[in-house]
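Visitor: Could you walk me through this one? I'd like to take it piece by piece.

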Amino acid sequence: MRRMAFILCGAMAFTIASAQAGSIKKWTDADGNVHFGDVPAAGTNTEEVKVKVIESNPNNSRGMLTGSSVSTSRRVSRPIHSSTQPESEGRGYADELRYRNAAAKGKVIKGMTAKEAKRAMGTPDRINRNSGSGGTREQWVYERKDGSRDYIHLNDGVVGGRN
């Protein structure tokens with residue numbers, strides 16, 4: 001009976017160890033967006049990512065992380081960006097990533113915040129602003145070297161369109 005219990009415990013330990021030994025993979029989709037996960041999309045080139053595990057300190061009531069990669073000398077004065085704190089209220093995390101990826105590629109899309117549009121295009125050469133009872137409307141003008149212009153239209157700080 002003891003032998004059977006010993007074998008059962010060994011099998012359980014092996015199962016638990018193999019379940020935790022999963023690897024994280026990194027791949028890029030057809031649109032150029034980078035993804036991380038344990039199951040990549042079919043037909044994509046993947047590379048394995050090394051993940052450093054940082055242990056939490058159970059004696060720390062504030063839940064701060066401890067480890068050599070975490071600096072304790074610097075204090076953060078603003079909230080850390082996470083999926084529960086989207087840049088624009090009412091947006092989900094998937095939309096947040098879509099806008100951030102577009103801005104990184106220099107693209108402006110409808111629904112972006114003014115901050116994201118600035119990340120994508122830079123500071124406009126001119127801003128035409130109209131405020132009234134319906135809110136604030138802005139037209140950002142970007143002068144190009146060839147004499148052409150690009151326009152971004154914002155309604156209350158959110159991109160409504162682009163010409």
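Visitor: Leaving aside neighbours within four places in sequence, which residues is Trp27 in contact with?
Guide: This is a predicted model, so take everything here as computed from it. Trp27 sits in strand β1, residues 24–28. Leaving out neighbours within four places in sequence, Trp27 is in contact with Asn33, Val34, His35, Phe36, Gly37, Val39, Pro40, Ala41, Thr44, Asn45 and Thr46.

Visitor: How far apart in space are Trp27 and Pro40, C-alpha to C-alpha?
Guide: Pro40 is one of the residues Trp27 is in contact with. Along the sequence the two are 13 residues apart, and their C-alpha atoms are separated by 6.9 Å.

Visitor: Which residues does Asp38 contact, leaving aside neighbours within four places in sequence?
Guide: Asp38 lies in the loop between β2 (34–37) and β3. It is exposed, with a relative accessible area of 56%. As for contacts beyond four places in sequence, Asp38 has Ser23 and Lys25.

Visitor: Which residues form the nonpolar patch on the surface?
Guide: One member, Val51, is in the loop between β3 (46–49) and α2 (93–104). Val51 has a relative accessible area of 53%, so it counts as exposed. Together the members have about 360 Å² of accessible area, and they are Ile24, Val34, Phe36 and Val51.

Visitor: Let's step back: in what order do the elements of the chain run from the N terminus?
Guide: The chain has three helices and seven strands. Read from the N terminus, the order is α-β-β-β-α-α-β-β-β-β.

Visitor: What percentage of the residues count as buried?
Guide: The chain exposes about 12700 Å², with carbon and sulfur atoms supplying 52% of that. Out of 163 residues, the share counted as buried is 18%.

Visitor: On to α2. How far apart are its end C-alpha atoms?
Guide: α2 has twelve residues, and at 1.5 Å a residue it should span 16 Å. The model agrees with that expectation, because the end C-alpha atoms are separated by 16 Å.

Visitor: Which residues of α2 are buried, and where do they fall around the axis?
Guide: The buried ones are Glu96, Tyr99, Ala102 and Ala103. Looking down the axis of α2, they fall within an arc of 135 degrees, so they line one face of the helix. The face turned away from that buried side carries exposed Ala94 and Ala104. What covers the buried residues includes α3 (114–121).

Visitor: How far apart are the closest N and O atoms of Arg100 and Glu96?
Guide: Arg100 and Glu96 are four residues apart in α2, so about one helical turn separates them. Arg100 is partly exposed at 31% relative accessibility, while Glu96 is buried at 1%. They form a salt bridge, and the closest N and O atoms are 3.5 Å apart.

Visitor: What about α3: which elements are included in what covers its buried residues?
Guide: The buried residues of α3 are Glu116, Ala117, Ala120 and Met121. They cover an arc of only 115 degrees around the axis, so they are on the same side of α3. The cover over them includes α2, β5 (135–143), β6 (149–155) and β7 (158–162).

Visitor: Which residue just after α3 takes a positive phi?
Guide: α2 is followed by Gly106, with a positive phi near 80 degrees. Just after α3, the residue with a positive phi, about 90 degrees, is Gly122.

Methods
Residues numbered from 1 in each chain as written. Predicted model: local features only at pLDDT ≥ 70, side-chain atom pairs only at ≥ 80, totals over all residues. Heavy atoms only, no water. Patch = residues over 30% accessible without salt bridge, like charges linked within 9 Å, V, L, I, M, F, W, Y side chains within 5 Å. Areas by Shrake-Rupley, 256 points an atom, 1.4 Å probe, with all protein chains shown as cover. Salt bridge = Lys/Arg side-chain N within 4 Å of Asp/Glu carboxyl O. Helix = DSSP H or I, 4+ residues; strand = E, 2+ residues; numbered from the N terminus. Buried < 20%, exposed > 50% of the residue type's maximum accessible area, 1.4 Å probe, protein only. Expected span 1.5 Å × (residues − 1). Arc of directions from axis to C-beta. Contact = heavy atoms within 4.5 Å.
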